[in-house]
Amino acid sequence: MPSSRREGLTGRFDLVAALDAEGRQQLADVAHTVQVEAGAVLQTVGGPAARLLLVTAGSLHVVRSDRAGRRRIVRIIGPGDHYGLVELALDSPARNLVEAGEDSTLTEIRFDDLRTIADRHPALQRAITMALARKTAESEHLLVSLTSEDVATRVVSYLLSLPRRRGGDGRTSVQLPLTQIDLASYLGTTPETLSRRLRELMDSGAINRGPHREFTLDEELLARY
């Protein structure tokens, strides 16, 4: 079972950053922070959708299943991002399965509370509209990538989209927020094909594999793909 507590919100979330001090405090007053374990189900298809989920640490996976029961990760939600605005806007039941991709810290805000605060603060309403527009643009970009780029290019684009850390040696590293099986699902390929493409990138020196799903990147070489 997830644990819960009240905790203030920070401006790292776009919806929070749009508000003045009064609005932020009103959001903080109705927000709850929860700790969830990897694999925990936060939402099921057709179930009730009544809360916005903001990721403070860890990641959420948005999953769709086809008629044969095959699962496909269609979105990965990392720190600073959120899930639930489409259900909020449409006032609809849950459209997707949402589960924790790893041990995660989330902040929950009930839709009723979010609507009340948005009515008082037009800046929040504008921020919600902008966030929905960005999600539409991101979905269009992913669709183009899946239909027009080869797997190697998709892998490189994904690696370069991850938060990067620069070590004392000047090298850049990233950490996958999901397993290779789940990454293959997200990129629209098979685990075997993904493994081959990663091996090719490693053989070329463009990436090096480290522990705990960490990769060191040679961004100059990756830029040639």
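Tutor: Contact means heavy atoms within 4.5 Å. Keep in mind that this is a predicted model.

Student: Which residues of α6 and α8 meet by that rule?

Tutor: From α6 come V151, A152, V155 and V156. From α8 come T193, L194, R197, L198 and L201. Seven residues of this contact are nonpolar, one is polar and one is charged.

Student: What makes α6 roughly perpendicular to α8?

Tutor: The two helices pack at an angle of about 70°, and their axes are 10 Å apart. Angles of 65 to 115 degrees count as roughly perpendicular. Therefore α6 is called roughly perpendicular to α8.

Student: Why does S92 count as buried?

Tutor: Its relative accessibility is 18%. Buried means under 20%. So S92 counts as buried. S92 sits in the loop between α3 (85-90) and β8 (97-100). Beyond its neighbours within four places in sequence, S92 contacts A49 and E87.

Student: What makes a set of residues a nonpolar core?

Tutor: The members are buried residues of listed types, such as Val, Leu, Ile and Tyr, joined through side-chain atoms within 4.5 Å. The largest such core here has 26 residues. V155, Y158, L159, L183 and I207 touch the most other members.

Student: Which element gives the largest share of this core?

Tutor: α6, with five residues. Elements giving two or more include α7 (180-187) and β13 (214-217).

Student: What does L183 touch?

Tutor: Y158, L176, L178 and L194, leaving out residues up to four places away in sequence. Another core, of 21 residues, lies apart from the largest one; F13, V16, L27 and I109 are among its residues.

Methods: Residues numbered from 1 in each chain as written. Predicted model: local features only at pLDDT ≥ 70, side-chain atom pairs only at ≥ 80, totals over all residues. Heavy atoms only, no water. Buried < 20%, exposed > 50% of the residue type's maximum accessible area, 1.4 Å probe, protein only. Helix = DSSP H or I, 4+ residues; strand = E, 2+ residues; numbered from the N terminus. Axes fitted to C-alpha atoms, helices over the stretch in contact; angles between N-to-C directions. Parallel < 35°, antiparallel > 145°, perpendicular 65-115°, else oblique. Nonpolar A, V, L, I, M, F, W, Y, C, P; charged D, E, K, R; others polar.
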